[in-house]
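Visitor: Could you help me learn to read charged contacts and surface features in a protein model?
Guide: Gladly; here is the one to look at.

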Amino acid sequence: MSEFDTNLDAKTAATMRETDKKCPSCGGVMDFDPATSGLACPYCGHIQAIGKEVKKQEPASELAFSEAEFKENQDWGVRKKTVICKACGAETVYDALEIASECPFCGSNQVMEAADRETMAPGGVVPFQVTDEKAASLFKGWIRKKWFCPKLAKESARARHFKGVYLPYWTFDAKTESTYRADYGKERRVKKGDEVEIVTDWYPTKGTYRESFDDELVCATTNHSQSMLMGIEPYDTAANKSYRPEYVAGFAAERYAVGLGEGWEMAKDSIHYKLSDGIERTIRKRENADGIRNLRFQTLYSDVTYKYLLLPVWISSYKYKDKIYQFMVNGQTGKVSGKTPVSIPKVAITVAAVLVAAALIIRLSCY
């Protein structure tokens with residue numbers, strides 16, 4: 001037995017048992033398989049169910065935000081870090097935000113320790129349910145529906161190697177109570193000579209609006225296109241499972257770059273817009289109003305809780321005319337988002353058709 005093996009502590013040994021499940025048929029390291037929600041050997045194809053004790057686990061617990069320990073100006077780590085594989089001892093340089101990957105030397109699935117001791121561990125994970133083969137099929141269906149994408153690009157687009165990655169997200173629950181003031185308008189018709197004008201009368205209003213929010217989602221990575229990530233939402237975060245290394249075996253995973261405090265501020269910005277819409281709908285319904293203006297409100301938050309989750313994403317790209325176009329597939333739902341080339345002739349034809357249609361409508365309305 002090597003010196004490296006004799007120095008393994010209990011925690012390291014447990015990590016190896018959980019992340020490096022050996023195939024009983026060929027001895028290879030098994031990966032999490034989205035198709036079966038179990039472990040599969042990439043070498044001989046053997047499939048093994050994850051233990052019942054894991055499948056019966058409860059979802060991640062809600063944690064009280066008021067009791068969270070975090071530093072607003074905390075340094076989240078250096079750009080790169082060196083990690084020693086706990087299975088073979090090889091040293092590899094990883095991105096500082098990665099918390100799980102595969103050793104390029106022995107194929108071991110190692111859940112790596114964070115670059116700093118104050119990094120929070122994920123509370124839950126939404127396992128992959130979409131395989132890479134299914135993601136490729138969904139991509140083909142998605143790009144075929146892109147009207148402005150050139151026909152040749154649709155026919156030739158082939159997804160490059162898919163990378164399965166778990167990205168970090170915060171979710172927040174909160175109860176809100178908002179006091180508001182606004183003006184609501186009611187329209188009336190006024191006849192002036194041969195013409196009828198629509199006049200809006202404005203009236204002041206005020207009140208209290210209450211709404212609860214469940215799993216308000218905040219992306220905690222800065223390494224990827226935010227618009228693309230928003231394009232593959234939503235996730236069924238209620239379907240998360242308490243974090244276990246088995247679920248990330250064979251996949252990459254990032255730790256958060258957006259801290260808990262910053263994440264809550266982002267969540268409040270999102271909630272603010274939803275509250276604004278909710279208050280406007282309430283006033284319109286109550287007053288039978290035709291319009292709302294000068295809405296101002298202040299919000300009190302209570303019972304704020306959070307979770308730190310890892311959510312599944314397939315990342316890939318395709319090439320068209322020497323340019324690379326990236327896309328993503330939601331690893332839970334299969335929703336696709338990405339960039340496509342644009343056919344200038346198709347855009348021109350569409351614009352011309354719209355202008356002709358508008359001109360016809362105007363001309364017919366004059367008769």
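What follows is a short talk about salt bridges and a surface patch.

Guide: This is a predicted model, where local features need pLDDT of at least 70, side-chain atom pairs count only at pLDDT 80 or more, and totals for chains, interfaces and linings use all residues. Residues are numbered from 1 along each chain as its sequence is written, and side-chain values use heavy atoms, with hydrogens and water left out.

Visitor: How many salt bridges are there by this rule?
Guide: A salt bridge is a side-chain nitrogen of Lys or Arg within 4 Å of a carboxyl oxygen of Asp or Glu. The count here comes to 10.

Visitor: Which residue forms a salt bridge with Asp 183?
Guide: That is Arg 293, with the closest N and O atoms 3.7 Å apart. Arg 293 lies in strand E14 (residues 291-320) and Asp 183 in strand E10 (residues 163-192), so the pair ties together parts that are 110 residues apart in sequence. Strands (E, at least two residues) and helices (H or I, at least four) are DSSP runs, numbered from the N terminus.

Visitor: Is Asp 183 buried or exposed?
Guide: Buried means under 20% relative accessible area, exposed over 50%, and partly exposed in between (1.4 Å probe, protein chains only). Asp 183 is buried because its value is 17%, whereas Arg 293, at 37%, is partly exposed.

Visitor: Which residues are linked in a network of salt bridges?
Guide: Glu 62, Asp 215 and Lys 307 are.
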